Amino acid sequence: MLARLQENFFNLDVAWRYLPSIGEGMIVTIHLAVLIVFTGLGLGLLLAFLRALQWRVLSWPIVIFADIFRALPPLVVLIIFYFAGPFVGIRMSGFVATWLSLSLALAAFAEEIFWAGILSVGRGQWEAARSTGLRYGQTLGYVVLPQAVRLAIPPLTNRTIAVTKMTALASVVAVEEILANAATAQAYSANTTPLTMAAIAYLVIFVPLVAFSRWIEHRFAWKH
Amino acid sequence: MDLIVENFFNLKVLAETAPYLVRGFLVMIELCLIVIPVGLIGGTIVAVLGSYGIPWLRWLLVVYVDLFRSLPPLVLLVFVYQGLPMMGVDIPALGAVVLSFLLNTSAYYGEIIRAGIESIPRGQQEAARSTGMTRIQTLAYIVLPQAIRNVVPDLISNTLEVIKLTSIASVVALPELLRMARLAQGSTYNPTPLIAAAAIYLAVCWPIVRFLSRFERRMTAKA
C-alpha cells in the first residue's frame with residue numbers, strides 16, 4: 001500500500017522529469033494572477049468611485065455589471081469568451097480570455113466591497129469636508145476613499161485570493177499553466193506524481209497569501 | 001447584429017437543445033442539494049472541534065483550513081478524480097466531485113462558523129455547563145443556534161460561491177448544466193446553449209446576490 005502510494009504519487013523519477021514543465025506553469029500562473037489582481041482591483045475601485053458620483057446614467061449600469069459578474073460562475077464566462085466569441089468575430093487567446101473573465105469577476109466583487117466602504121464613512125465627514133471648501137470629487141478622493149479602502153482591505157484580500165486561485169480554470173482553455181502542464185505530464189507518464197507537484201506548486205504560491213490574509217484580518221480588524 | 005442574434009439568441013437551436021439544458025439544470029440542482037448540506041455539516045464539525053480548546057487539535061484544523069483555502073478547487077477535483085483510481089479505488093465522477101467539494105467547502109464553512117462560535121461570550125457556556133448541561137448539549141442548544149444566526153450572511157455568501165463552483169464538475173464530465181450546454185453547442189455548432197446556460201445561472205444566483213447587497217446596506221445603515 002505504502003509502496004504503491006509512493007510509486008504513484010511521490011515518484012522521484014517522474015517528478016524530476018517534469019519539474020521544468022511545472023516550473024514554467026508556475027510562471028504563467030503567477031503572470032496571470034498578477035495581471036488579474038491589478039486589472040480587477042483597479043477596475044473595481046474606478047467603478048466604485050464613479051458610482052459614488054451618484055449620476056444615475058452611470059450608477060445603474062455599474063450595479064447591473066456588478067450583479068451579473070457576481071452571479072455568473074467564472075468558468076461559464078470564460079467558456080463563453082473563448083468558445084462563443086469566435087462565432088461573432090471576437091477571437092482571443094486562452095490567456096486573454098482567462099485574464100478578462102477573472103478580472104471582471106474580481107472587479108464586480110471589489111466594486112461592491114469598496115462601495116460598502118464608501119457608504120460606511122459617516123455623513124458628517126462629507127458635510128465637514130464640503131464646508132471647508134473641498135469640491136465633491138475632492139471630498140471623495142481625499143477624505144472618503146482613503147478610509148473606505150482601509151475598511152475594504154480584509155474582505156478584499158480574501159476575495160482576491162479566491163479569484164486568483166481560479167487561474168487553474170485556464171487549463172480548460174488550453175493555457176499552459178500549472179494544472180494544464182501537470183495533466184499533460186500525468187497523461188504521458190501514466191502517473192499521478194505531476195498532479196501532486198501541481199498541488200504543491202499552488203500551496204507554495206497561495207499558503208503565504210492565505211497566512212498574510214489572516215494577519216491582515218487581525219491588523220485591520222475594525223475596532224468599535 | 002444579425003450575427004449576434006443568429007449565434008447567441010437562436011430560438012430554433014434553443015428549442016432543439018432545451019431538453020439537454022433542462023437535464024443539466026436538474027443535475028446541477030441535485031449536485032447543490034448534496035454538496036451544500038455535506039459542506040455545512042463538515043464545516044460545523046471543523047468549527048466545533050476547533051473551538052474545543054485542545055491546542056494540537058486546533059493547530060491541526062488551522063492547517064486543514066489553510067491547506068484547502070490555498071488549493072484551487074479544480075486542482076483538488078482533478079487530483080481526486082485522477083489520483084484515487086491509481087490507488088485502486090474506483091471513484092465515479094459524482095463521488096470525486098462530492099469528496100473534493102467536501103474538503104474545500106468544509107474549510108470555508110468551518111472558518112465562518114468558527115467566527116460565529118467565537119462571537120458568543122464564554123460566560124454563556126459556563127452558565128449552561130453550571131446548570132448541569134453536558135458539553136454537547138451546551139453546544140447544540142446554546143452556542144450553535146446563536147453562532148449560526150450571527151453569520152447567516154456569510155454562510156449565504158459562501159453558498160452562492162458553492163453553487164457557482166458546481167460548474168467545475170463539467171471538467172470531469174459530470175452532466176451538469178455547463179457540461180450539457182457545451183455538448184449541445186458541439187452538436188448544433190451554435191453557442192446559443194451556452195448563453196442559455198449563463199441565463200439559467202443568472203436566474204438562480206441573481207436573487208441571492210441582490211439579497212446579500214440589500215442585507216449589507218442594512219447592516220451599514222445600522223452601524
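## Surroundings of Asn10(B)

Apart from neighbours within four places in sequence, Asn10(B) is in contact with Val5(B), Asn190(B) and Thr192(B). The model is a predicted one. Asn10(B) sits in the loop that joins α1 to α2 (11-50) of chain B. Its relative accessibility is 14%, so Asn10(B) counts as buried, the cut-off for that class being under 20%.

Most residues other than glycine have a negative phi. Tyr189(B) is not a glycine, yet its phi is positive, at about 50°. Tyr189(B) belongs to the loop between α9 and α10 of chain B and is exposed, with a relative accessible area of 66%. Ala173(B) also has a positive phi, near 65°. Ala173(B) is placed in the loop between α8 and α9 of chain B; with a relative accessibility of 41%, it counts as partly exposed.

Ile45(B) lies in helix α2 of chain B. With a relative accessible area of 48%, Ile45(B) is partly exposed. Between Ile45(B) and Arg122(B) there are 77 residues of separation in sequence and 19 Å in space, taken from C-alpha to C-alpha.

Helix α3 of chain A comprises residues 56-71. Its 16 residues should span 22 Å at 1.5 Å a residue, and because the end C-alpha atoms are 22 Å apart, the two values agree. Buried residues of α3(A) are Ser59(A), Ile62(A), Val63(A), Phe65(A), Ala66(A), Asp67(A), Phe69(A), Arg70(A) and Ala71(A).

In chain B, the 16 residues of α3(B) should likewise span 22 Å at 1.5 Å a residue; the end C-alpha atoms are 23 Å apart, which agrees. Leu57(B), Leu61(B), Val65(B), Asp66(B), Phe68(B), Arg69(B) and Ser70(B) are buried in α3(B). The cover over these buried residues comes from both chains: it includes α2, α4 and α5 of chain B, together with α7 (136-165) and α9 (193-219) of chain A.

The size of an interface is often given as the accessible area lost when the parts come together. Here about 4,500 Å² is buried between chain B and chain A, and carbon and sulfur atoms give 70% of that area. On the chain B side, Phe79(B), Met86(B) and Met87(B) lose the most area to chain A, together accounting for 15% of what that side buries. The contact involves 54 residues from chain B and 50 residues from chain A.

Between the two chains there are 10 residue pairs in polar contact, counting pairs with both residues at pLDDT 80 or more. The elements of chain B that give two or more residues to the side touching chain A are α1 (2-8), α3 (55-70), α4 (73-86), α5 (93-118), α8 (152-165), α9 (177-188) and α10 (192-222). Of these, α10(B) gives the most, with 13 residues. By class, this side of chain B has 31 nonpolar, 13 polar and 10 charged residues.

Four salt bridges are found across the interface. In a salt bridge between the chains, the side chain of Arg210(B) meets that of Asp67(A), at 2.6 Å from N to O.

## Salt bridges across the structure

Over all chains the structure holds 13 salt bridges. Glu111(A) and Arg51(A) form a salt bridge through their side chains, at 3.0 Å from N to O. This pair links distant parts of the chain: Glu111(A) is in helix α5 (residues 94-119) of chain A and Arg51(A) in helix α2 (residues 12-52) of chain A, 60 residues apart. Both Glu111(A) and Arg51(A) are buried. Another salt bridge joins the side chains of Arg70(A) and Glu112(A), with an N to O distance of 3.9 Å. Arg70(A) is in helix α3 and Glu112(A) in helix α5 of chain A, so the pair ties together parts that are 42 residues apart in sequence. Arg70(A) counts as buried at 8% relative accessibility, and Glu112(A) counts as buried at 8%.

In chain B, the side chains of Lys164(B) and Glu161(B) meet in a salt bridge, at 3.3 Å from N to O. Both residues lie in helix α8 of chain B, three residues apart, about one turn of the helix. Lys164(B) and Glu161(B) are both buried. A network of salt bridges links Arg214(A) with Arg58(B), Asp66(B), Arg69(B), Glu111(B), Arg114(B) and Glu118(B).

Conventions. Residues numbered from 1 in each chain as written. Chains lettered and ligands numbered in written order. Heavy atoms only, no water. Contact = heavy atoms within 4.5 Å. Buried area = accessible area lost by both parts, 1.4 Å probe. Polar contact = N/O pair within 3.5 Å; in protein donor to acceptor, adjacent residues only side chain to side chain. Helix = DSSP H or I, 4+ residues; strand = E, 2+ residues; numbered from the N terminus. Nonpolar A, V, L, I, M, F, W, Y, C, P; charged D, E, K, R; others polar. Expected span 1.5 Å × (residues − 1). Buried < 20%, exposed > 50% of the residue type's maximum accessible area, 1.4 Å probe, protein only.
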